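Please keep the model open as you read.

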Amino acid sequence: MLGETAALTAVLKRYFGYGSFRPLQEDIIRDALSGRDVFAVLPTGGGKSLCFQLPALVRPGLTVVVSPLIALMKDQVDALQAAGVAATFLNSSLAQGESRPRLRGLHRGEFRLLYVAPERLLLSGFVEDLKKWQVNLFAIDEAHCISEWGHDFRPEYRQIASLRQQFPGVPVMALTATATQRVRGDIVRQLQLQDPRCYVASFNRPNLTYRVSAKSGAYEQILSYIRRRPRESGIVYVQARKTAEDLARKLSADGVRSAPYHAGLTPTERSKNQEAFLRDEVRVVCATIAFGMGINKPNVRFVIHHDLPKNIEGYYQETGRAGRDGLPGECLLLFSPGDRIKQMRFIDEKPNPEEREVARAQLEQMLHYAEVSSCRREFLLGYFGERFGYPASDSGDPLTNEPVNCGGCDNCLTPRATWDGTVAAQKFLSCVYRIREKSRFGVGILHVGEVLCGAETEKIRKFGHQSLSTYGIGSEHSRAEWGAIGRELVRLGLLFQNPERFHSVELTEAGRAALRARQKITLTRPVAIPATEVKKVGQIDCDEVLFDQLRTLRKQLADERGVPAYIVFSDVALRQMARFYPRTDAEFSRISGVGEKKLREFGVLFLAAIATHLQFNPRQIFAEDSFR
């Protein structure tokens, strides 16, 4: 076992430049090498790709990677080739003259990895070609796309299941970053995985900070935020294509190099804007959800949501595009209760009633996240069935009722003010009780707020709710404020929101008791525009002047080779160089991400740049400044 670990670690260092595996990677790799089916849920930046890339290097044959996005294929193949790995891809972006030499190389056994889109598997003759190429593993990336319960269902992924009949002896590895328990089970069934070894890593991204801020002049908020980070790149997610266009144009006019990305652009325009972002020629991408899955840009430092996302899964995956390199990333959601109304309009347009109900339930969870006063990290992890501070597989009872403080979200770092909400809670709970007493059925939080505000709506007139004693007694709060109060009462356990009855609210036993006893109830002030920044966590202290010089050198070398800058070295590697000032090949090879090929190709240039810097600048000393 120790010998095998040493052998795998040697391959890891030789090609990828890392001295140790991340959690679960080695176990997954061992299972793959033993011929087992594997299902792995690893967070964005958790090293999913290595789980199938490394096995491809230690045994003969071809690993076929099924990937949903053309950009992801090119990106990963560029990185593999830069590390000295024989990899290629086949997709619709290639001209016939480009495909032929790749096919010849596959027939000659020259490649270890082949990336393809799911549609390619159905092309005439392709399966027959695969049977000639000694396939030893099928790796299904972004496997959640196969599930209707996932947030990014793609019907073409269902075709992948036919591989099991065509290649009964070839193991399958399914990987994703985002899947609830229900989606995980669906993936295993749809792909017909046979007695799979399942791995679920923690969904916690400790290097990310989460913030929710009241939306008030969104453009000025975003511009101010980005200007405070003049050297950082990020993504701004928006709901509408027009907003993406307008935002990118305004930011560019204000000196922030930006580009839009959405499904309404031509493939050429999308590819051009994405490539400019990957190569650091554009600092900010303003995008709809069409952008991002599989974008392997490790130095995205912030993700801003201009609008409320539709569901937690999508939000988690989109925020996960920040800080993939392990350095700090910031996630900012601009929230207005009015965003709920916009999203509900889209949901109401869905023709399928079941789809509408699922979408409403997902939106309610997103609203609870935006308004919750407790730890946001704990809320996100809880959604995926994990408790903060416990292994992902641990479902036992909590050992303590102490409130969680993750140290990396706005609620933990700067808790919001509270207020005596007893009167407001009494009014809301009483209104829920009176509505059910009169109508014999429950209504949603929004309708309760309308009754309290004395609104004159068709629904209120239809049910006669204007005659209730609680009609119009809550004019001191707006409908949006009553909505937030109602949702907090749900989170406090005083109301139950029934997902099977159109999310109508009902009094719980605790709510009835609070109503009878006029129990004091403390509520939380809504999110506001923060006066201070949330601190960064996990930054690598380094010589910032040298770091900038090394970034310039990296960009020059990347441009010469026609690849994104991080293909040369990650920000983590550059920060380590600017912290430890390596002088020899041996010291340089101990930098994260420096494998044999990169040492040969770039070592002399970067060592010379570091030496030149030290001729004119003193060496800075940092805490624990030594190689480990």
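1. A word on burial to begin with: a residue is called buried under 20% relative accessible area, exposed over 50%, and partly exposed in between, using a 1.4 Å probe and protein chains only. By that rule Arg 205 is buried, with a relative accessible area of 6%.

2. Some ground rules. This is a predicted model, in which local features need pLDDT of at least 70 and side-chain atom pairs count only at pLDDT 80 or more, while totals for chains, interfaces and linings use all residues. Residues are numbered from 1 along each chain as its sequence is written, and side-chain values use heavy atoms, with hydrogens and water left out.

3. Back to Arg 205. Where does Arg 205 lie? Its place is the loop between strand 7 (197-200) and strand 8 (208-214); helices (H or I, at least four residues) and strands (E, at least two) are DSSP runs, numbered from the N terminus. Leaving aside neighbours within four places in sequence, the contacts of Arg 205 include Pro 43, Thr 44, Tyr 210, Tyr 316 and Arg 377, where contact means heavy atoms within 4.5 Å. Gly 320 is also among the contacts of Arg 205, and the backbone oxygen of Gly 320 lies 3.0 Å from a polar atom of the Arg 205 side chain. For reference, a polar contact is a pair of N or O atoms within 3.5 Å; within protein, one must be able to donate a hydrogen and the other to accept it, and residues adjacent in sequence count only if both atoms are side-chain atoms. As for Ser 592, 387 residues away from Arg 205 along the chain, the two C-alpha atoms are separated by 20 Å.

4. Now the rings. A pair of aromatic rings is described by the distance of the centres and the angle of the planes. Rings of Phe, Tyr and Trp (its six-membered ring) pair if their centres lie within 6.5 Å; planes under 30 degrees apart count as stacked, over 60 as edge-to-face and the rest as tilted. How many aromatic pairs does the structure hold? There are 16 aromatic pairs. One of them joins Phe 569 and Phe 602 edge-to-face, at 5.7 Å centre to centre and 65 degrees between the planes. This pair links distant parts of the chain, 33 residues apart: Phe 569 is in the loop between helix 23 (565-568) and helix 24 (571-580), and Phe 602 is in helix 26 (residues 596-616).

5. Phe 569 also pairs edge-to-face with Phe 606, at 5.2 Å centre to centre and 85 degrees between the planes. Again distant parts of the chain are linked, since Phe 606 belongs to helix 26 and is 37 residues apart from Phe 569.

6. Elsewhere, ring pairs link Phe 203, Tyr 316, Tyr 383 and Phe 384 into a cluster. Tyr 316 from this cluster is also a contact of Arg 205.

7. Helix 24 deserves a look. It is mostly covered, with ten of its ten residues buried; among them are Asp 571, Leu 574, Arg 575 and Phe 580. The buried residues of helix 24 pack against strand 12 (300-305), helix 22 (544-561), helix 25 (585-588) and helix 26. After helix 24 comes Tyr 581, whose phi is positive, near 50 degrees.

8. Arg 575 lies over the face of Phe 547, at 4.3 Å from the ring centre; a charge sits over a ring if NZ of Lys or CZ of Arg is within 6 Å of the ring centre and within 35 degrees of the ring normal. Arg 575 is also linked with Arg 231, Glu 544, Asp 548 and Arg 551 in a network of salt bridges, each being a side-chain nitrogen of Lys or Arg within 4 Å of a carboxyl oxygen of Asp or Glu. Another charge over a ring is Arg 102, at 4.5 Å from the ring centre of Phe 89.

9. The salt bridge count comes to 38. Glu 357 and Arg 360 meet at 2.6 Å, N to O, and both lie in helix 14 (residues 353-371), three residues apart, about one turn of the helix. Arg 434 forms a salt bridge with Glu 437 at 3.1 Å. Arg 434 is partly exposed at 31% relative accessibility, and Glu 437 is partly exposed at 38%.
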